[in-house]
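Thanks for making time this morning; I would like to walk through one model with you, going from the whole chain down to a few of its elements. Please have a look at it first, and then we will start.

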Amino acid sequence: MTSAGAVVEVGVDLGGTATRVVVRHDDVTVGHTTVTTSDLGKGSPDQRARSLWSVIKDIVSTDMDLSSIGIAASGPIDVRTGIIENADTLEWFSGFNLVGLMAALSGVPVFIENDAVAAAIGEYQHGAGRDAERLLLVTLGTGIGVALLEHGQPFRQFNGQHPDSGHIPVFGDNVICYCGLTGCWEQSASRLALERALSPLHSGEVSPTELISLISAKARGGDEMATEAFVEYGRKVGRGIALLHTVYGPSVTVIGGTVANTFDLFSSGMNQSLTRADGFYLPVDIVRAELGPEAGAIGAAALAKDRSSEKPSVLRKAT
Ligand SMILES: [Zn+2]
């Protein structure tokens, strides 16, 4: 329980499917909820912001003192304007000033960030990448999310955007990705790609989550085809990580996303792709994420807390 008048921050992780909201006091989660994002997407932009604010109000009790809100959102975000530009998977919250509307409704500063960056900040402050000098976060999900932090600060492109490194072209195939390039990493190494690779190994009707769970149990039981499927998937995961290690030289790489549950099965394949000749060795710790599915929301709350205390604010503060 928090004491009356406790200062809290709220972190929101707007995902294409689910939206997670956490309330944090003294860097501890004191409330959380998960709602279906499409349920928040009804009506005008103003109504959508009101729906989100209503979810937040439900878990911030009236005796708490809300100080700031951080929003993590999937896809490209113009951090200068606070506008989400993800018409592909987050259309309900794209193309309008969500930050401004939320600030007007709540009366507190509101900050926005890419979800991979927010998750990296969460892992940097409270998880597997604590205080890493250079942290690389790779989230294996529907796509592949990547973020790099240097001393806790996100690396960005010249225009302020977070580099969408799931789309580094590391394979020589001719499959055209929805981004327009060919051979994109996430086309072969996302969770969806793993599901495609595993589906021939099971004949019955199962959900994608059950499929990964069933085949990983087979692999842990010694089934050779199941084992090789994960090793081959690991090789593909490693191809992109090898490139990122070469370019960024992180001190710690954190692997997150639901597929990280099978880290024990794909890490040997991944390490094959990361093996370098003597003289090219890179000392990088590769570890599993610790914060689980709430990493993005926890990171969003942490960045809201940090940025609302910055003077002058170098990142967007809604007015
Ligand atoms: Zn692509």
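What radius of gyration does the chain have, and what would a compact globule with 319 residues have? Before I answer, please keep in mind that this is a predicted model. The rule for a compact globule of 319 residues gives a radius of gyration near 20 Å, and the chain has 20 Å, so the two agree. Along its principal axes the C-alpha trace spans about 55 × 50 × 40 Å, and buried residues make up 44% of the chain. If we take contacts between residues at least 6 apart in sequence, 67% of them join residues at least 24 apart.

As for secondary structure, the chain has 10 helices and 12 strands. Five of those strands form an open sheet in the order β10-β9-β8-β11-β12, with mixed pairing. Its edge strands are β10, residues 153-154, and β12, residues 285-288, each of which pairs on one side only. Within this sheet, β8 (residues 134-140) and β11 (residues 252-256) run parallel and are joined by five bridges, and L137 has V254 in β11 as its bridge partner.

Let me turn to strand β7, residues 110-114. Why can we call it largely enclosed by the rest of the structure? Five of its five residues are buried, and that is the basis for the description. In a regular strand the side chains alternate between the two faces of the sheet. In β7, V110, I112 and N114 point one way while F111 and E113 point the other way, and all are buried. β7 pairs in the parallel sense with β4, residues 65-73, over five bridges, and A72 stands opposite E113.

Helix α4 covers residues 115-126, and its 12 residues reach 16 Å from the first C-alpha to the last, close to the 16 Å expected at 1.5 Å a residue. This helix is mostly covered, with 12 of its 12 residues buried, including D115, E123 and H126.

Finally, helix α8 runs over residues 224-248, and at 1.5 Å a residue its 25 residues should span 36 Å; the end C-alpha atoms are 35 Å apart, which agrees. Among the buried residues of α8 are A226, F230, Y233, V237, I241 and L244. An α-helix has 3.6 residues a turn, so residues three or four places apart point the same way. Just after α8, G249 takes a positive phi of about 60°.

Key:
Residues are numbered from 1 along each chain as its sequence is written. This is a predicted model: local features need pLDDT of at least 70, side-chain atom pairs count only at pLDDT 80 or more; totals for chains, interfaces and linings use all residues. A residue is buried if 20 or more other C-beta atoms lie within 10 Å of its own, exposed if 12 or fewer, and partly exposed in between; C-beta atoms are placed from the backbone. Helices (H or I, at least four residues) and strands (E, at least two) are DSSP runs, numbered from the N terminus. Two strands pair if DSSP finds at least two bridges between them. The expected span of a helix is 1.5 Å times one less than its number of residues. The radius of gyration is taken over C-alpha atoms; the globule rule is 2.2 Å times the number of residues to the power 0.38. Two residues are in contact if their C-beta atoms, placed from the backbone, lie within 7 Å.
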